[in-house]
Amino acid sequence: MRTRYRLPRPVLGSPFHLLVLLASFALCAYAGVRLLDGDWFLVALWFAGAAVVHDLVLLPLYTAADRALVRGAGRRGAWINHVRVPAALSGLLLLVWFPLITGRVSERYAGVAGQSADGYATRWLIVTAALFAGSAVVFAVRRRGRRSAADG
């Protein structure tokens, strides 16, 4: 029988935990002050709109996609997380870099950054393919390890 080793859980409320929590609040407060320094109304409107769009549009979409994936897998669903993780990371990258991937802000980006915005869509597709390929390799290695353990 295998013995599982567990790492000790950090004590909540310890001085270190409190210090890290206070530092994160200070960092968030600094970022908020810097962010709202310009046009605070449009920034606040953007945050509210992003929350509404996420809750009313994106959440039902990716929940339905995940449920369809689980239903389609049936009892042999060992590969589900090997699809979920790269899909989530690729979706996050798409969400963050959407204006540059679609090319909607190419002129503005070139004016501000001094670099061309060409190729973001291609790079995003390459990163997405690499994420799925890496996940497939990890799945194959894990599956092979389970088979060899069962055989010998």
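This is a predicted model.

**Exercise 1.** Does F47 count as buried, partly exposed or exposed?

Solution. Start with the relative accessibility of F47: 46%. Buried means under 20% and exposed means over 50%. F47 therefore counts as partly exposed. Now place the residue: F47 lies in helix α2, which spans residues 40-73.

**Exercise 2.** Classify the aromatic pair formed by W46 and F47.

Solution. The whole structure holds two aromatic pairs. One of them joins W46 and F47. Take the distance first: 5.2 Å centre to centre. Then take the angle between the planes: 80°. Planes over 60 degrees apart count as edge-to-face, and this pair is edge-to-face. Check W46 too: with 59% relative accessibility, W46 counts as exposed.

**Exercise 3.** Which residues form the nonpolar surface patch, and which helix gives its largest share?

Solution. List the members: L35, L36, W40, F41, L42, L45, W46 and F47. Together they have about 920 Å² of accessible area. Next, assign them: helix α2 supplies the largest share, six residues.

**Exercise 4.** Find the partner of R84 in a salt bridge, and locate both residues.

Solution. The count for the model is one salt bridge. R84 pairs with D66, and the closest N and O atoms are 2.7 Å apart. The cut-off is 4 Å. R84 sits in helix α3 (residues 80-102) and D66 in helix α2, 18 residues apart, so the pair links distant parts of the chain.

Technical notes:
Residues numbered from 1 in each chain as written. Predicted model: local features only at pLDDT ≥ 70, side-chain atom pairs only at ≥ 80, totals over all residues. Heavy atoms only, no water. Patch = residues over 30% accessible without salt bridge, like charges linked within 9 Å, V, L, I, M, F, W, Y side chains within 5 Å. Areas by Shrake-Rupley, 256 points an atom, 1.4 Å probe, with all protein chains shown as cover. Salt bridge = Lys/Arg side-chain N within 4 Å of Asp/Glu carboxyl O. Helix = DSSP H or I, 4+ residues; strand = E, 2+ residues; numbered from the N terminus. Phe/Tyr/Trp six-rings, centres within 6.5 Å; stacked < 30°, edge-to-face > 60°. Buried < 20%, exposed > 50% of the residue type's maximum accessible area, 1.4 Å probe, protein only.
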